[in-house]
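Hi there,

Here is the structure I promised to pass on to you. Have a look at it first, and then read on for what turned up in it.

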Amino acid sequence: MTVTGAVTAVGGLPGQGAAALCATLALWWTAERRRTAHRIRAVLLAPDHPAPPWGAFARDGWRRVRGRREWLCLPVAAVVAVLGSSPLPLLAGAVAVPLVGRARKAALARREREARADRVVALCGAVAGELRAGWQPAQALAFAARTTGALGAQEPAVLAAARFGGDVPEELRRAARQDGADGLAGLAACWQVAVDGGAGLAAGLDRLEAALRAHRDQRERLRAQLAGAWATVAVLAVLPVAGLGLGAALGARPLRVLLHTPAGLGCAAVGGALEALGLWWAARIVRAGERP
């Protein structure tokens, strides 16, 4: 887009919308300039010339923003409020902050659960390998636990029981209560059978590792098959926004109709409720399909 076209596009907007657009462009330009300056300093400055102190504060602030992405709903809502000359979008953004934060925390918990399950699989394989290398079960468990970190907060209790002759299966069952560590219950059963019946612990751990890997592969296959369904949910979520943008491009001024007329307010309330209900229902269906 040429400069003349940009000026013409901005001039066609209301005064407040043009101001919001200019402020957004200015913030983006400032962020890009600081990022470019940071890269130049990282390349050109010698190790004995540390970066200015404000660089550390900026990086720390950016990490905090990335850790609290739900707060980005507020500036987006503020821009919409300025474009629509109404405080209602700002109120909707404030309501969306805890909802988006809850969804983000649920996604983080799900990723942590899956990562812990993968560490349990690695723990079983590592213990079996160390047993075949000639290590004692307690030594193999201690080495594998420290290497993989699969035991989590229960690691000191499990290793103490293994080192001093405690009830290792019971401690492993307690560790299995952690989210995503269900496979440790199988490890506890293998340990119990090996101690009581004299069966080979390495062979049992091999079978357990194979079963856990098969379960993980099944989960990944289900997720790959449902990727298209999640994409459909995302497209359905974006369609109302695309409709508002298309109406604004045609000169219909949909924000003013939705935020400043009784019929528009009713349509916005009903449409927002139906949109939220539809997204919740579609996500519920897809998540039900992800369960093996």
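Which residues in α5 meet which residues in α10? Please keep in mind that this is a predicted model. On the α5 side they are Glu 114, Ala 117, Asp 118, Val 120, Val 121, Cys 124, Gly 125, Val 127, Ala 128, Leu 131 and Arg 132, and they meet Leu 201, Ala 202, Ala 203, Leu 205, Asp 206, Leu 208, Glu 209, Leu 212, Arg 213, Arg 216, Arg 219 and Arg 223 in α10. By class, that contact of α5 with α10 has 13 nonpolar, one polar and nine charged residues.

How do the two helices lie? The axes of α5 and α10 (residues 201-225) are 9 Å apart, at an angle of about 155°. An angle over 145 degrees counts as roughly antiparallel, so α5 is roughly antiparallel to α10. The crossing of α5 past α10 is left-handed.

Is Glu 114 buried or exposed? Its relative accessible area is 14%, so Glu 114 is buried. Leaving aside residues up to four places away in sequence, Glu 114 touches Arg 219 and Arg 223.

Helix α5 has another partner to look at. The axes of α4 (residues 73-84) and α5 come within 8 Å and cross at roughly 160°, which means that α4 is roughly antiparallel to α5. Here the crossing is right-handed. Among the residues making this contact are Ala 77 and Ala 81 of α4 and Gly 93 and Val 97 of α5. The contact of α4 with α5 includes 12 nonpolar residues, one polar residue and no charged ones.

Enjoy exploring!

How values were computed:
Residues are numbered from 1 along each chain as its sequence is written. This is a predicted model: local features need pLDDT of at least 70, side-chain atom pairs count only at pLDDT 80 or more; totals for chains, interfaces and linings use all residues. Side-chain values use heavy atoms; hydrogens and water are left out. Buried means under 20% relative accessible area, exposed over 50%, partly exposed in between (1.4 Å probe, protein chains only). Contact means heavy atoms within 4.5 Å. Axes are lines fitted to C-alpha atoms, for helices over the stretch in contact, and angles run from 0 to 180 degrees between N-to-C directions. Helices (H or I, at least four residues) and strands (E, at least two) are DSSP runs, numbered from the N terminus. Angles under 35 degrees count as roughly parallel, over 145 as roughly antiparallel, 65 to 115 as roughly perpendicular and the rest as oblique. A crossing is left-handed if the near helix is turned anticlockwise from the far one by less than a right angle, and right-handed if clockwise. Ala, Val, Leu, Ile, Met, Phe, Trp, Tyr, Cys and Pro count as nonpolar, Asp, Glu, Lys and Arg as charged, and the others, Gly among them, as polar.
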